[in-house]
Amino acid sequence: MATEMEGCTRKEKEACPQLLDLIPRERDWLVSRDIERSSSRGSSSSEEKKLELRLGPPGQDWSMKRERDGKSQSLLSLGYYSSPMSSNQTQKFISYQQQAKVASFLHLPVTPNKASQPWCTKALDLQNAENKGFSPAPANTAVLPNTSQKRTAPAPVVGWPPIRSFRKNLASNKSSSKSAVESENVVQIKDPNGKPVETSGKGLFVKINMDGVPIGRKVDLGAYDSYQKLSSAVDELFRGLLAAQRESCNGGTKNKQEEEKEITGLLDGSGEYTLVYEDNEGDRMLVGDVPWHMFVSTVKRVRVLKSSELSALHLRSSKDKMPL
Amino acid sequence: MSEDPSIPSSSSSQMSEDDDRSPPLDLIDGPIPSSKSRNCSGVSGSGVGTSVENTVPYPDQVLENVLENVLCFLTSRRDRSSASLVCKSWYRAEALTRSELFIGNCYAVSPRRATARFTRVRAVTIKGKPRFADFNLMPANWGAHLAPWVSSMAKAYPWLEKLCLKRMSVTDDDLALLAESFAGFKELVLVCCDGFGTSGLAVVVSKCRQLRVLDLTETEVMDDDVDWICCFPESQTFLESLMFDCVECHINFEALEKLVARSPSLKKLRLNRHVSIGQLYRLMVRAPQLTHLGTGSFNLSEGMAQGDQELDYVSAFAACKSLVCLSGFREILLDYIPAIYPVCSNLTSLNLSYANITAEQLKPVISQCHKLQSFWVLDSICDEGLKAVATTCKELRELRVFPVNAQEDAEGPVSEVGLEAISEGCRKLRSILYFCQRMTNAAVIAMSKNCSELVVFRLCIMGRRRPDHVTGEPMDEGFGAIVMNCKKLTRLAVSGLLTDRAFSYIGKYGKLVRTLSVAFAGDSDLGLKYVLEGCHKLQKLEIRDSPFGDTALCSGLHHYYNMRFLWMSSCSLTRQGCWAIARELPRLVVEVMKSNEGEEEGDNFDTLYMYRSLEGPRDDIPQFVEILRPGI
């Protein structure tokens, strides 16, 4: 902060933020949450309230809707909401870097909504300067240009510094393969709420592989509520792939009857294939034995095995550990 | 992948050839007619009867044959574009002889149109998402799906040999279709892609029997528990290049060893971090002919202690007489650094950007690397390490210094001191990417004067809006000097505290700049205006968190059709401003994106991403994207 302050004083006068002058008389303060909730970062001082400032075009405070999961954030929209049609009016506005300086004086730690997605929450925004004025935070938060505080970093912002995620863990120099596999979700989930884009509500994605088909699939068990539905889903997912596989094994000769044959009898052993799963203890079990909800809570992955090979396996035994 | 010259696809180049026809392109089936005002001796054979050229009774076959033979020698896409505009006959001949197709923006042209025009293509390059998607600025599922491309190409290009993709979404099914459709497929290069797993790789390697190149760079590959290495054919392979350093899954090492043993043409091998140094040794002794090596972890396997196996790593490296490019070192065990000494003096490229080493640890290596042209490293080497580089590496063309600690307020081990040292020592420098916490104008100015060959200058001062830490001034003068003195500069990324003045310099002097990256910079609309009005060659402009608004956006209307894309996120734009652009430029696809999904329609959006396209709005937009379409 000190450096920035010096930099400020050396610039031309009009560029220096005069924060006291910016505090307007009649401005709307839109606060959506209880300001007194303390930051989860553990600071008890009032200066470390979490504030979210927004940079965006004039209009509704859409960012207020963002915080959903109860984490304490006080949301302050700086500035004045003008109607969108007013963009033609001449506006006096303060230069951006002044706003930036103010923002950097506000301690804006970000609280990731999920621990695994630290970069997804956009915490630092500044109110659009095209609004009528610029109002800093209320007096009980730290907006003092003459900072007596230790310089602290502004809240981290999504995508800054611009380093790809696989380069980021170098200091600790560890990235186990497990976290890397899950990192596919981390990198792809960019929703600032941290809501996984793939899932709806609680997604229960498990891998499902079929004998003879090299490409596995993922199914969201949360989308089904019964074994029958799961069985139909498996049929849908793999029917085409299986036919394609058979076709290529037959040297490309299309057997019309064979094409797109329905996959049935997955649950009762009557079909060509049977559904099998691996539970959280690593045991292989026949799908359908336990109540659905119990299955969903213990299943880790699913396989569609040829029924003819089932007898060779010891299923339903909690002692055997079979690699899938 | 290098940043390629400006014209993304020859059909788009016709937009800049805007003669008196309007709209710029006639959208009819079949090839797009070239300018009508030129006559040529050739009757259109394709049935497009809209031209008014003089016709002769028979096509001038001799001329066409000559033309086709000559055009085969034209490799530059820009030259080919120019040739295709001469007249219809040249257009057709060029289309028939183009064997490499480059699509700079997968949404600028449809697969159908591209494959209809260019019918004899052997190699295709497609680029998808904009670069800021790498930094989580774009939600997943935005698009850039390979599927429609691969399905069109499957029908149109059965002889396809090579596919290079950058920032595309690729699924396992896409890879399966690829493997099925192209019997002679030889090269697959995936840079910054995602969406598929080891299953997809398995299908490719097992079915593409002619495969020479499988390069995965900075690409995410899901672990489907499929042993894809085992899926290579059992016989001798044609493999020349196998790069999977970014694949985070364990691999079957025994299978890999056998694969290397039966791949006599293998020259480039980049291992992932699950390959230990002992395993590396075994591979190296089987493949001393390697020219490019990614060493994997460069550490012992888990559970092993040093001294358990004392392998002669030095000899293994010494045997690799052709080795010129070395990378990897994902979990480097410092004791083993001396193993690479035998190859240092031959190296032209060294990537230590995963190795957290100090200057003292670097010096014995770098002091031998006299021929080094490309060096990627972590800032853990500090300014002192950079000085060592500057002392020895007189041939250096490209330098990238990445931060160990990518946070804004971290300790800054490198600074203007390192930058200045590099500029003094490495006069041939063409490309630099430098992350630091503090910088001065003086150092940047020095670099602009010392390194006149600079083509790419990317300076990332990680603290937002940091001024010159000695003078307190904005960084305007430094970047100004770069655009002024580096006459060949085509790519620029700016940072630190920057006023509109910096942009006035860029607009005034950056006449060759094609790619510009701006973050947390500028004071007002003027900044962007300077750039849009001054940088006539600007192709790719990505801006975030800068106070540029609608007025500035409008100032680029004359130029947007010449650009590949414009990205602006968290700036001061309004929907009205974007609508104005969409209305004025019907061939521009104007996408606005919100970061939150499912919010009510409002005036607010977070990101503007717009690009020229022959196809109009795409039909695969996710929920959070809205395309502004006038008149609909």
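In which loop of chain B is B:E218 found? B:E218 is in the loop between β6 (213-217) and β7 (221-222) of chain B. The model is predicted. Chain B holds 21 helices and 23 strands. Of its 632 residues, 64% are buried.

**Chain B overall**

- Among the contacts in chain B with a separation of 6 or more, 71% join residues 24 or more positions apart.
- The UniProt record, an unreviewed entry, places the annotation "domain: COI1 F-box" on residues 60-99 of chain B.
- Residues 60-99 of chain B are 72% helix and 0% strand. The end C-alpha atoms of this stretch are 23 Å apart.

**Nonpolar cores**

- The largest nonpolar core has 186 residues. The members that touch the most other members are B:W228, B:L242, B:L256, B:F317, B:F375 and B:F457.
- B:F375 has contacts beyond four places away in sequence. Its partners there include B:L350, B:L352, B:L362, B:I366 and B:V389. B:L396, B:E398, B:L399 and B:R400 are also touched by B:F375.
- Another core, of 25 residues, lies apart from the largest one. Among its residues are A:Y227, A:V234, A:L241 and A:V296.

- Helix α15 of chain B spans residues 416-425. Seven of its ten residues are buried, so the helix is largely enclosed by the rest of the structure.
- The buried residues of α15(B) are B:E416, B:G418, B:L419, B:A421, B:I422, B:S423 and B:G425.
- These buried residues pack against two helices of chain B, α14 (382-392) and α16 (441-450). They also pack against the strands β14 (398-402) and β15 (431-436) of chain B.
- B:A446 lies in α16 of chain B. Its relative accessibility is 13%, under the 20% cut-off, so B:A446 counts as buried.
- Beyond its neighbours within four places in sequence, B:A446 is in contact with B:E420 and B:S423.
- B:A446 and B:L419 are 27 residues apart in sequence. Their C-alpha atoms are 8.9 Å apart in space.

**A helix pair: α18 and α19**

- Two packed helices are described by the angle between their axes and the distance between the axes.
- In chain B, the axes of α18 (residues 500-509) and α19 (residues 525-534) come within 8 Å. They cross at roughly 5 degrees.
- Angles under 35 degrees count as roughly parallel, so α18(B) is roughly parallel to α19(B).
- On the α18(B) side, the contact is made by B:D500, B:F503, B:S504, B:I506 and B:G507. On the α19(B) side, it is made by B:L526, B:G527, B:Y530, B:V531 and B:G534.
- The residues of this contact are five nonpolar, four polar and one charged.

**Backbone details**

- Most residues other than glycine have a negative phi, and most peptide bonds are trans.
- B:E218 has a positive phi, near 50 degrees, and is not a glycine. With a relative accessible area of 22%, B:E218 is partly exposed.
- B:S570 is not a glycine either, yet its phi is positive, at about 55 degrees. B:S570 sits in the loop between β20 (565-569) and α21 (575-584) of chain B. At 1% relative accessibility, B:S570 counts as buried.
- In chain A, the peptide bond from A:W160 to A:P161 is cis, with omega near -5 degrees. A:P161 lies in the loop between α3 (96-105) and α4 (177-188) of chain A.

Definitions and conventions:
Residues are numbered from 1 along each chain as its sequence is written. Chains are lettered from A and ligands numbered from 1 in the order in which they are written. This is a predicted model: local features need pLDDT of at least 70, side-chain atom pairs count only at pLDDT 80 or more; totals for chains, interfaces and linings use all residues. Side-chain values use heavy atoms; hydrogens and water are left out. Axes are lines fitted to C-alpha atoms, for helices over the stretch in contact, and angles run from 0 to 180 degrees between N-to-C directions. Helices (H or I, at least four residues) and strands (E, at least two) are DSSP runs, numbered from the N terminus. Angles under 35 degrees count as roughly parallel, over 145 as roughly antiparallel, 65 to 115 as roughly perpendicular and the rest as oblique. Contact means heavy atoms within 4.5 Å. Ala, Val, Leu, Ile, Met, Phe, Trp, Tyr, Cys and Pro count as nonpolar, Asp, Glu, Lys and Arg as charged, and the others, Gly among them, as polar. UniProt positions are given in the numbering used here, feature names are shortened, and annotations may be inferred rather than shown by experiment. A nonpolar core is a set of buried Ala, Val, Leu, Ile, Met, Phe, Trp, Tyr and Cys residues joined through side-chain atoms within 4.5 Å. Buried means under 20% relative accessible area, exposed over 50%, partly exposed in between (1.4 Å probe, protein chains only).
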